[in-house]
Amino acid sequence: MELMEVIRARRSVRTYTDLPVQRETLERLVNAAIQAPSAVNAQPWHFTVIRNPLLLDRISAAAKRHILELTPPGGPMREHLSDPLFHIFYHAPVLILISAKDGDWSKEDSALAAEILMLAACAEGLGSCWIGFAQRWLETKEGRDMVGLPQGYVPVAPIIVGYPRESAPAVPRKPADIRWID
């Protein structure tokens, strides 16, 4: 695919097949992600690739509990998160957690790497989705310990990856809000 085709085709995918994603494919995604720009070329990112379905289930359950504790009664996501069948990773076979060394611009740099990773996944015929539900729990000591996050790194982008069960529909975009100064 041409770059603009990939940009327009990338979607947040929430339905996956059971097909495993090969290690070589995941390595290509990470190697694409590290091409992201970073302030003063610090390249502050760290990648944790989780393919263990039991661990993904444990993280999902713990993150749901954590979010429910933080969500006020009647919050819009409370019912969704209370559903025992809801899995925050949508049963995707892989979670790639991009973390950043604590420092200036490192979160922004890691977010750039995350977008490139998701575009590369799309180009490979894979689906991906940034899972915000996991992020706050992964910042806790329990979350950091469960994934073995090295000291000095903060979780930035928990991204699931897998083969889409169906193609995600295009989401209409608002026209660009541009202010021109000539």
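Helix α3 (residues 53-70) contributes three residues to the lining of the largest pocket, the most of any contributor. Helices here are DSSP runs of H or I with at least four residues, and strands are E runs of at least two, numbered from the N terminus. This is a predicted model, where local features need pLDDT of at least 70 and side-chain atom pairs count only at pLDDT 80 or more, while totals for chains, interfaces and linings use all residues. Residues are numbered from 1 along each chain as its sequence is written, and side-chain values use heavy atoms, leaving out hydrogens and water.

**Largest pocket**
- Its lining has 14 residues, with P53, L56, H91, A92 and P93 nearest the centre.

**Cysteines**
- You will find zero disulfides here (a disulfide is a pair of cysteine sulfur atoms within 2.5 Å).
- The sulfur of C122 has its closest cysteine sulfur 13 Å away, in C129, so the two are too far apart for a bond.
- C122 is buried at 10% relative accessibility, and C129 is buried at 2% relative accessible area; buried means under 20% relative accessible area, with a 1.4 Å probe and protein chains only.

**Helix α5**
- Helix α5 (residues 106-123) has 18 residues and spans 26 Å from first C-alpha to last, close to the 26 Å expected at 1.5 Å a residue (1.5 Å times one less than the number of residues).
- Among the buried residues of α5 are S106, D109, L117, M118 and C122.
- Just after α5, G125 has a positive phi of about 85°.

Terms used
1 Å grid on protein atoms, 1.4 Å probe; cavity = no way out; pocket = protein on both sides within 12 Å on 5 of 7 lines; lining within 4 Å. Buried < 20%, exposed > 50% of the residue type's maximum accessible area, 1.4 Å probe, protein only.
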